[in-house]
Each structure stands twice: as C-alpha cells, then as structure tokens.
Amino acid sequence: MSTENVRVEVDYNASIPNNVALAEDRRLLKALEEWHPQYLAWWGDMGPEGFNDKEVYLRTAVGVDPKGWAVFDHVKMPDYRWGILLAPKVEGRTIPFGKHKGEPVWQEVPAEYRSMLRRLIVIQGDTEPASVEQQRHLGATAPSLYDMRNLFQVNVEEGRHLWAMVYLLVKYFGKDGREEAKMMLQRRSGNEDSPRILGAFNEETPDWLSFFMFTYFTDRDGKMQLESLAQSGFDPLSLSCRFMLTEEAHHMFVGESGVMRVLERTCEAMNEAGITDPYDVEAIRKMGVIDLPTVQRKLNFHMSVTHDLFGSELSTNAASAFEAGLKGRFKEEKIDDDHQLYDDTYPVTQLLDGQLIDVEENAIAAINGRLLDDYIKDAKGGIGRWNKMIAKLGIQFELTAPHKAFNRDIGQFSDVCVTPQGDIVEQATFEANISSYLPTESDLNYINSLMKPCYEKGQYATWINPPKVGINQRPVDFEYVKLA
Ligand SMILES: [Fe+2]
Ligand SMILES: [Fe+2]
C-alpha cells in the first residue's frame, strides 16, 4: 500500500481540526462553521448530563499514523477537538467488488448512485449521536472515575463520528447534504415524533450493565457496518470509515472488559461466600453483585436487538448497494471469490414448514444475512473469553449467544417465536417462559438498585472489579475525571 502524496498532517490551529485541507475549501468550511454551534447546542442539550465543566482524561485523535494517532490529556468535554480525519489515501485504489470492480475508485459522488449513497451515510451517521443520547444519564451512576472516563471517551468519539459523516454530507451532497446534517441534530433517541432511524438506537441504556452490553454488542454492529463501508468504491467514505474503526476498537474493549469485570466480581463473591449454585439468586444478590442468569438475560436482549440492525437477511437494498460498489462485505479483500457473486449462493437460515433450515440463496441478495453471520461469529469471541474466566474461577455456568431467530422484530423471524436455544415454540409457551429469556422488571430493578455513584479516586462499586490496568498506562486509581 502506498501512502505517498497524501496529506496526513493535521491542522490543529483551525477551529475544526482536520486533514482534509478544509482551509482551502471556503464553501465547505463556511457550511461546517455554521453547523458547529448547532452541534455544540445539541451536545449541551442531549450529550452527557452534568460533568461538562469537569476535566476528563480523554484521548483526542491528532493524526492518522497508526503508531501515534492520539494524545491523552485532561480536557472539558465541550472543549474536545472534534475533527475531521481521513485515513491515508491508497494510491491507485480500485473498486473492490460489484459491477464496477476493478475501475478506479470514485473521488466524487457517481450521479446514478447519489441517493443510495446519501442514504447509507445518513443511516450510519444517525447512529452516532443516538448512542450519546442513550447514554446521557450514566455519568450520575458511574461505578468509578475510570468507568466514567471511558463512558465520556466513547461519547466524544461518537460525536466525532457524526462529524465524519456530516463532513461527507456537506462536502459532497450540496443543499440536501446540509439539510441532512441539520436533521442529524434534530432526531432524538426514543422520541415519538422524530426518533432515530434504527430501532436499537431508540432503546434506553438505563444502567451500566446495559452500557457495557451496548458497547460490546451494539458498537460491534457499528464495526461491521464501518468495515463494509470501508470497502466502498466511493473513496472519501472508505477513508472516513477506515479511520473511525481505529477509534471503534476502544468502544468494544470498554464493553468486553466491563462485562468481564462484572462477571469476575460475581464469581469471586460467590467463591468467598461458598455459593456454588449460580441460580441461588437471592443469596447472590444479597452480596450486592449481579447473578449470572441475569447477565445471560441482558446478553440475550442486547444481542438480539442488535441482530435487527442488520436488516432483512434477504435484502434488495443491500444487494443494490453491493452491486453498485458502495457497500461491501466484512473483510471483502480476504474473501476468496470473484467479488461480483453473479453465480454464487450463500446459505440463509429460513423458516420452512415450521422448521429453521439453511437455504442456499443468491449471494448478492443474501449480503445482509452474511454480515449478520459474520457479526455473530465475531461477537461469540468475547462470550468465549467471558466463559473461560468463569470456568477459571470454578463456577459451573456458561453464557451463550441467543439463536439469531430469537426475539426479532425485523426480517423473516419477526413473526415466529423462537427460544434463545433456537427452538420454535407456540406464542403461549414463549410468553410463559419469557422471564427466563429476557430481563424481567425485577432484574432491571435489582440492577438499578446497584447503580450508585462511586466517585472516590481508586474506588470501584461493589458489583464490578477494578480493571487490571488503567488507560494509557496510568494506574487504576488515577484521577480520570477531576470532580473537585
Ligand atoms: Fe461510532
Ligand atoms: Fe462506537
């Protein structure tokens, strides 16, 4: 890969830090400078509640060199330098898939795909502020300063991801793009009149276990979408998404390590008290930790809601975006086929004669189904690591990923009742057992009862272990947020 002749220095004196030569494009700069105060107003209204006057130990992207792209420092969130950063351009890059495969990538929007491309960017962009809105109350119940810092880090970076998508809209889509950029700040997560576009982004993130599950499972959908868009034949979208993925990895780390620390605390508490039965919920909850069956139900909820984000397994929209060369597959470049798929099939699980059966479908039609399968494989990695830790602590309990047909609102499983194990059951049976599948009101009330702020430097709430190491080689008792 050649990265010659590419602008990688970031102009940090500009009001909007960037490596896209913003100063040379007066019209674009003006449009973004108009959007900037609206963004800050949105952050004030819908961003983290409280704490905007506190100094937080945040990572800021200052370049795109993989070896040193970020600096860490205490900053107030509204002063965060939200910038526009593209990954280094690859000279001579060609469209990697679809009917234009092998042609030079587009530097401008191809007229015939204008509305499809705009829609893809809007849908991706809309998720970014949505998660900030969903998480806005969590600072008030942070289990430690370390966790609070991680929450705010994720929040400011989702804000930057919105900037990344707004840059594309404003630079490449003229008046429509500016209109879409405005609407990004007008939709609100969970709002009845103008909700966020996708379902999971209108759910609440009411507690910290939800936050960790969200960052593990739902941010991972973000990763899969960004990976697919990073393949795009529209080069500016590809470069934007490639850099966003650098930041996204930390979000999933926050989720995986967060759930790990919750599970570890529970297992250790059980061992200290001599409790061997993970279903002895009353005794376990008495110790102020979260029982493993509740963690499983939370997992079932977050993972199944995230499955819906992939859309219908068989989708003409996804097929068109693939054929057009706008949105590829996960790790497209590593797949050993012709990347056009006219003669290929892909097995898609379907409901046939009352059974769930894999049916070979046209591979282009099955793009979403394949991405969902890739997601499930990826998500199971962390579940396996959680199980290893549970086993190491000697507790007999295994977390499992729910079947992909479980609890679906979108796609071909939305009309059928399937248990987390993948058995089709009558609706009445499903409803009679729902309290063992999904978090109950009493589970949520219990979790909620644990959500008390723990703001002392180096202290952690009863229900979660401290991390093994801090952020940026700082100790775990570092003052990650200066509250005084
Ligand atoms: Fe994001
Ligand atoms: Fe994220």
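**Close-up views of a predicted model**

**View 1. Surroundings of A142.** Leaving aside residues up to four places away in sequence, A142 touches D147, M148, L151, P453 and C454. The structure shown here and in the other views is a predicted model. A142 belongs to the loop that lies between helix α2 (114-134) and helix α3. Is A142 buried or exposed? A residue counts as buried if 20 or more other C-beta atoms lie within 10 Å of its own; A142 has 25 within that distance, and is therefore buried. Y455 is 313 residues away from A142 along the chain, yet the C-alpha atoms of the two residues are separated by 7.4 Å.

**View 2. Packing of helices α3 and α6.** Two packed helices are described by the angle between their axes and the distance between the axes. For α3 (residues 145-172) and α6 (residues 235-273), the angle is about 170 degrees and the axes are 10 Å apart. An angle over 145 degrees counts as roughly antiparallel, so α3 and α6 are roughly antiparallel to each other. On the α3 side, the contact is made by N150, Q153, V154, E157, H161, A164, L168 and Y172. On the α6 side, the residues are P236, L237, S240, M244, E247, H250, H251 and V254. Sorted by class, this contact of α3 with α6 has eight nonpolar, six polar and two charged residues.

View 3. Strands in the order β2-β1-β5 form an open sheet, and their pairing is antiparallel. Which strands lie at the edges? They are β2 (70-76) and β5 (481-482), each of which pairs on one side only. Strand β1 (residues 55-61) is joined to β5 by two bridges. V56 has V481 of β5 as its bridge partner. Helix α3 packs on this sheet and touches β1 and β5. The direction of α3 makes about 40 degrees with that of β1.

**View 4. The hairpin of β3 and β4.** Eight bridges pair strand β3 (residues 345-352) with strand β4 (residues 355-362) in the antiparallel sense. One of the residues bridged to β4 is V348, whose partner there is V359. Two residues lie between the strands of this hairpin, and D353 takes a positive phi near 50 degrees.

**View 5. Residues 1-8.** The chain averages a pLDDT of 94, and 97% of the residues score at least 70. Over residues 1-8, pLDDT stays under 50. The model has 15 contacts beyond four places in sequence for residues 1-8. Where pLDDT is low, the predicted coordinates should not be read in detail.

Note on methods: Residues are numbered from 1 along each chain as its sequence is written. Chains are lettered from A and ligands numbered from 1 in the order in which they are written. This is a predicted model: local features need pLDDT of at least 70, side-chain atom pairs count only at pLDDT 80 or more; totals for chains, interfaces and linings use all residues. Axes are lines fitted to C-alpha atoms, for helices over the stretch in contact, and angles run from 0 to 180 degrees between N-to-C directions. Helices (H or I, at least four residues) and strands (E, at least two) are DSSP runs, numbered from the N terminus. Angles under 35 degrees count as roughly parallel, over 145 as roughly antiparallel, 65 to 115 as roughly perpendicular and the rest as oblique. Two residues are in contact if their C-beta atoms, placed from the backbone, lie within 7 Å. Ala, Val, Leu, Ile, Met, Phe, Trp, Tyr, Cys and Pro count as nonpolar, Asp, Glu, Lys and Arg as charged, and the others, Gly among them, as polar. Two strands pair if DSSP finds at least two bridges between them. pLDDT is the predictor's confidence in each residue, from 0 to 100. A residue is buried if 20 or more other C-beta atoms lie within 10 Å of its own, exposed if 12 or fewer, and partly exposed in between; C-beta atoms are placed from the backbone.
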